[in-house]
Amino acid sequence: MQARVRLLSRSPIVRLSALADLDPHCKADVYAARAALLEDVDGRVRAEAAQVLSRARTQSPMLWLHDATYDERPSVREAAARALGQCEFVAAPRVPKRLAHLARLDPIWWVRRTAALSLAKLGQAEAILTLQQVLGDPFWRVRHAAIRALETLWHALPAERDQILTVTQGMSEAAQGAQLELQARVDPSLAAYKAEAPRPTDQALANPDPAVTTARLRARPMSELTPAELLPFLSDPHTQLRELAIDRLARLSRANELEEVLPFLQIPGLPHALESTWELLSRAGRRAIALITRILNDPEAPVGAVMWACHKLLHDGGRRNPVRAALTHPHPLARQAAVRCLDELGETDTTLFDARLEDEDAEVRAAALLALVTRVKESELGRLLPLVLGPDSRPLAQLALLERALASADHTLLSRLCDEEHPLVRARALRALGMLGRLSDVTRYQDDADPLVRQAIAPNLSTDRLCLWLTHDPDPKTRREVLRQLWQRRKQLSPAQRNLIANAAASDEDPWLKTRAAGFASPSEHLPLLLRLARDRQLSVRQAATTRMAELEDLDARLDTLLRTGQLSTEQRLAAQAERLKRAMDSDEALTTLRDELLKSEAPEVHMPIVSAIATLQGQAYAQPQRASFVQPATPSPLKLSTAPRRRLGRTALWVSPLAVSGVSELPSRTYERAIDAGVNLFFWEPGYQSMLRVLREQRRNLHIITGSYEGDRESITSDVERALRRLKTDCLDVFLLFWVRSPERLSDEVRETLAQLKADGKIRAAGISTHDRSLAQEVISDGAIDVLMTRHSAAHPGAESSLFPLCERAGVGLLTFSATSYGRLLRPIPGQPAPLIRPTAADCYRYSLMQPAVSSVISAPSYPSELDDNLTVLRDLELPEERRQSLIRHGEAVHTMSRRFNALVRKGHESSLHAPNEPTTISQRLAELLAEHPAPPSESITAASTRRHAKRGPERRS
């Protein structure tokens, strides 16, 4: 079935599949993707449609993608922002403005990150100031995106290089660190900074390992907890810890103490902080009333707090007076939330919205304009027209204006809206004019390339034109609209027109059209057509056809005539015999007569399904004639399971493939089956890996599974084991790890006893830990507490080779390594440096780790099936040539230096709640450490030292 037809399916899975089959070079397919982007109810479909449109070649999708950046779903905003940076068409001025707004102010960090990267791809110098602001984002991943974006502009805009590298006095400490990282990337002569961030310390409740903190919090009585202890966990990456902290705070906090969570409602802010605090405040109950009033009247309230207060008022109902104070809040998102809240609460004082038309922020002005369009008097509407029809107007305001024009029958204004750029506005204006009977020149639009326009004017077209569109229009949604219009005119149709419509609809790929084709068909005149529809794959089509045929009183006679004349195809003959079978079911004699007739026919094999059905109805067994079949010999797999290399996992009884596969990327199930065929028998699985789950269940006897827990107490670990056993439908787990261990307290006596008991009960075969901390791993191995260790290892992190790995070998601890490509960094050149002479491949990286004697298996996490195919070549050849190994080692050293610098300057440059109160953690102190290797004159400040390369031009570059 054609992809455009499948896009109209009720199933979002089918629609997602259809989007993947659209051709970006086909105009009709591009319009179909646009319809999915603007109108589909499923956010996943809208997000995928944005990516399809990024590859459009027939017309520019910039306007449609710009609209999608206002979607309520972050995934759609992010997809649209990415697509805007990938499009080959010239961006309208509104596009970089919108991307800049998203990069600075979107509440979701990954939307900000993508917007920053797309902003750079547009290659405009105006983006520099915005990206320098983004360098101070609270989250290091967004700052990293700003660094990459400015690096891109540094290469693309040679004339702006001084401005890009200038550190201004207004930059925050985090932005200064990010700026130093940028300078090091484009100027390799800068020192290779190697300072490390201080390690988190163990406190009464907080621990460097969030699983330990979670276990402590579960065990701590409520009477011993204070809100101050719990607040830092609202932004913790560990889901269980965040949820537990929210629950404890909701039960513990009094009304005045709830204000302590408001600083977590900053936008932009750290990941999880906004949604966690929002969830906590949603449980405030009656305490929320007083809090809302205080928030809305406080000009310094965090913007997220104002947004929550407005949302709460809309959800629970409340007075408008407190919201009015937020109209002058210094943050534009707060003012925008206040305008929208007042609009939905029915504010009648239009002067409040009028005042916001002069707001410095375009989004606030747009929200105020929409509110005014829906409530000003007709006499005052004219003054808003220049704004509503201006270049910065939003489609919502134009659609609101359209509704008013339709209600007042203002055909002049509707005619003006027919020329608007936005397709939804244009189409609805045309439909409105048609409803008013004022669409005089319909021929002007009947050849329009936009299907929305064609659908809008369909009610005003002649029947002959509609019939032509039914057979030739490339858009299935338009064909559906055509058939609706023809159905309304069915009493006026001539026999020739009905015949044409019935045949055209029945021949369409769209099941919706086929179903309704039966309504246009005459049972007596179109019986062969109905018989064809009765054999359709879609149940609705078959039911419509059989219902229509049942209207004939002499159906049997007509079927006999058609069967005798030989005018039917094989499918139609089967449908005819199936109808005869229905009528013979009440009589055993009739069934026998029908069976004998079919067996004596010229082609009895065609009717075998009907004959078999008759035998079943008569309680008899019928054996169909055996057909000769050709059995194609199986193609041998590239690597037989029997010859696949295996390594023993430490002192365990498990023999595993050197390459293991993780299911984190949710590749198709057949991809994992291909890995098994190639010799992989070790898989890394977590409960969320759905596509891998089916394969593991089906081939459990031949496979070994690595899974584990992020918890740190007996009850939770046991619960995770039981859940994994249920999901995998097995009675024993091969390797069970404590994931992401970051402190010795994670392996408490309770946890060790729990793992030992699980082994004794036969529920796990081997127990171990996963950690990045080599010193911690050495301590645990020396204690003899684990069977298996999973740790990071690559040419960029080779330190474990001389200390940790020999210890594992001596202790008989099975060793699994991961991040062999250093999260892809080993596969890319170093920014600011020439590419290595021998470019490493992922297979080289895996072979490098597998060359270590202690390593049993290296875990790969392919993102695409093609990546898995490349990784599987390791199993055919485990050797890494010396020349490639030496090149990889040299490249790894450079990657390691870059990573150390990046961690110190960008990733770990913020204070953490897990550090002791007086511990040096601020980036000012970090920069002092870094600059010690590249010192400035004694009289210079840190900021001056980082800007001295451009000291003369620095002040002039400020904005």
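Among contacts in the chain between residues at least 6 apart in sequence, what percentage join residues at least 24 apart? It's 64%. Keep that in mind as we walk through this model, which is predicted.

Let's start with the whole chain. There are 959 residues here, and 53% of them count as buried. The secondary structure consists of 49 helices and 10 strands. If you trace the C-alpha atoms along the principal axes, the chain spans about 105 × 85 × 60 Å.

Now look for the strands. Eight of them form a closed barrel, in the order S3-S4-S5-S6-S7-S8-S9-S10, and the pairing is parallel. On average, neighbouring strands of this sheet are turned by 30° against each other, ignoring direction. Helix H42, residues 749-760, packs on the sheet, where it touches strand S6 (733-738) and strand S7 (764-771). The direction of H42 makes about 150° with that of S7.

On one side, strand S9 (residues 814-818) is joined to S10 (residues 855-860) by 3 bridges, and the two run parallel. Within this pair, Thr817 stands opposite Val858, while Leu815 has Val855 as its bridge partner. S10 also pairs with strand S3 (residues 659-662), again through 3 bridges and in parallel. There, Val661 stands opposite Ser860. Is S10 buried or exposed? Of its 6 residues, 6 are buried, so S10 is largely enclosed by the rest of the structure.

S6 runs parallel to strand S5 (residues 704-709), and 4 bridges join them. One of the pairs to look for is Thr707 with its bridge partner Phe736 in S6.

Arg356 is in helix H21, which covers residues 350-356. Its relative accessibility is 15%, and because buried means under 20%, Arg356 counts as buried. What does Arg356 touch, leaving out residues up to four places away in sequence? The list is Leu327, Thr328, Arg335, Val339, Val364, Arg365 and Ala368. Thr214 sits 142 residues from Arg356 along the chain, and their C-alpha atoms are separated by 46 Å.

The loop between helix H15 (239-252) and helix H16 (273-282) is worth a stop too. Pro268 has its place there, and a cis peptide bond joins Ile267 to Pro268, with omega at about 0°. His272 lies in that loop between H15 and H16 as well. Its phi is near 75°, a positive value in a residue other than glycine. With 22% relative accessibility, His272 counts as partly exposed.

Finally, go to the loop between S9 and helix H45 (842-850), where Tyr823 lies. Tyr823 isn't a glycine, yet it has a positive phi of about 55°. Is Tyr823 buried or exposed? At 52% relative accessibility, it counts as exposed.

Technical notes:
Residues numbered from 1 in each chain as written. Predicted model: local features only at pLDDT ≥ 70, side-chain atom pairs only at ≥ 80, totals over all residues. Heavy atoms only, no water. Buried < 20%, exposed > 50% of the residue type's maximum accessible area, 1.4 Å probe, protein only. Contact = heavy atoms within 4.5 Å. Pairing = 2+ DSSP bridges. Axes fitted to C-alpha atoms, helices over the stretch in contact; angles between N-to-C directions.
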